[in-house]
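Open your viewer, load the model and keep the selection tool at hand. We will go from the whole chain down to single side chains.

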Amino acid sequence: MGIGKNRTNGNAVKKLLTSGAAALRQIIENPDKLRCVCPATYPFHFDKYHIYSYLCDALNENIYGTSMKIALVGYGKMGRIIEQTARERGHVIVSAIDINNMEEFDSDSFRSADVAIEFTTPATAVDNYRKCFAAGIPVVSGTTGWTERLGEIKKLCGEEGQTFFYASNFSIGVNIFFALNRYLAKLMNRFPSYDVNLTEIHHIHKLDAPSGTGITLAGDILSGMDRKKQWRLACMGEPPFDAANPEELVIHAIREGEAPGTHEIRYESEVDGITIRHEAKSRAGFALGAVLAAEFTVGKKGFLTMEDLMKSVIS
């Protein structure tokens, strides 16, 4: 029986899913917990897609409540999809800045924005943040490859009261994937016969390798597994596992076509293998997450992340 075919039991599941971050974490780590809450729903197929569905229901309402004025910093493919998503949710785009109209940072229309959503390049990102801060505008950013300067931005948030929301990946599905990855790494720490590697596939226009999402996944694996001390970007044609350096986590970063993003973590022993994988079907999920983050950010101060957003949605 599917959740959608039993409204009473489905509502019981949904109530549990939205009862708090701790409850959601317990469900992701142990779906059997649902048996004691709504036993009549068993047997049914409950997996991460049902969790994702209910989170999307919870996120469907405009968090901000009214129309926001949004400035887009970066108006490429991602910027245009964010524009479409923002308009569909009732918001207004008051400014769109790209490499050919940087003077727009000094315009009244830009200064009128409630929030700026920034997707540009590693080389320009921090300067863009500073320009937004100078205009008193909170920033939501998904640019990766610049985070060696993250401490600088956090300092501005703490000392000057700026507002900055950062995520290496705004997809709700990817953030569930992050939780699964953290749990699996801690579990596999007890089984030294398994080695682990990470493969990511992105479009050819992606400048940084590994991606911010890949670095986040790798960092969580290192935190959960005592036998892995550092990650390393693989060379072209290198095999997936490095037997000569078992303390290294090898990351294979593939760039091909217009792939929006795939991340796969593989645990392998001599007798079997375990794989978890997230595959983005389009950029639309990233755009929705960025707009949700903007709705969440307005009116707040300090440094914010997807963890803060997810907690607010399921609390």
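**Before you start**

This is a predicted model, in which local features need pLDDT of at least 70 and side-chain atom pairs count only at pLDDT 80 or more, while totals for chains, interfaces and linings use all residues. Residues are numbered from 1 along each chain as its sequence is written, and side-chain values use heavy atoms, with hydrogens and water left out.

**Stop 1: the whole protein**

Show everything as a cartoon. Of the 315 residues, 48% are buried, where buried means under 20% relative accessible area, exposed over 50% and partly exposed in between (1.4 Å probe, protein chains only). Now think about contacts, meaning heavy atoms within 4.5 Å. Among those between residues at least 6 apart in sequence, 67% join residues at least 24 apart.

**Stop 2: the cores**

Select Ile 70, Ile 82, Ile 117, Val 140, Phe 165 and Phe 170. These have the most contacts inside the largest nonpolar core, which has 30 residues. A nonpolar core is a set of buried Ala, Val, Leu, Ile, Met, Phe, Trp, Tyr and Cys residues joined through side-chain atoms within 4.5 Å. Strand 1 (69–73), helix 4 (77–88), strand 3 (115–118), helix 10 (284–297) and helix 11 (306–314) each give two or more residues to this core, and helix 10 gives the most, with 8. Apart from this core lies another, of 21 residues, including Ala 71, Tyr 129, Phe 133 and Val 139.

Next, centre on Ile 82. Beyond its neighbours within four places in sequence, Ile 82 is in contact with Leu 72, Ile 117, Phe 119, Ala 287, Ala 290 and Val 291.

**Stop 3: helix 8**

Select residues 172–188, which form helix 8. At the N-terminal end, look for the cap: a side-chain oxygen of Ser 171 lies 3.2 Å from the backbone nitrogen of Gly 173.

**Stop 4: Thr 213**

Move to helix 9 (residues 212–224), where Thr 213 sits. Is Thr 213 buried or exposed? With a relative accessible area of 3%, Thr 213 is buried. Ser 168 is 45 residues away in sequence, yet the two C-alpha atoms are 5.3 Å apart. Also show Asn 169: its side chain and that of Thr 213 are joined by a polar contact of 3.0 Å (a pair of N or O atoms within 3.5 Å; within protein, one must be able to donate a hydrogen and the other to accept it, and residues adjacent in sequence count only if both atoms are side-chain atoms).

**Stop 5: the rings**

Finally, show Tyr 129, Phe 133, Trp 146, Phe 164, Tyr 166 and Phe 303, which ring pairs link into a cluster. Rings of Phe, Tyr and Trp (its six-membered ring) pair if their centres lie within 6.5 Å; planes under 30 degrees apart count as stacked, over 60 as edge-to-face and the rest as tilted. The structure holds 11 aromatic pairs. In one of them, the ring centres of Phe 133 and Phe 164 are 6.4 Å apart with planes at 80°, so the pair is edge-to-face. Trp 146 and Phe 164 are also edge-to-face, at 6.0 Å and 85°, and both are buried.

How values were computed. Helix = DSSP H or I, 4+ residues; strand = E, 2+ residues; numbered from the N terminus. Expected span 1.5 Å × (residues − 1).
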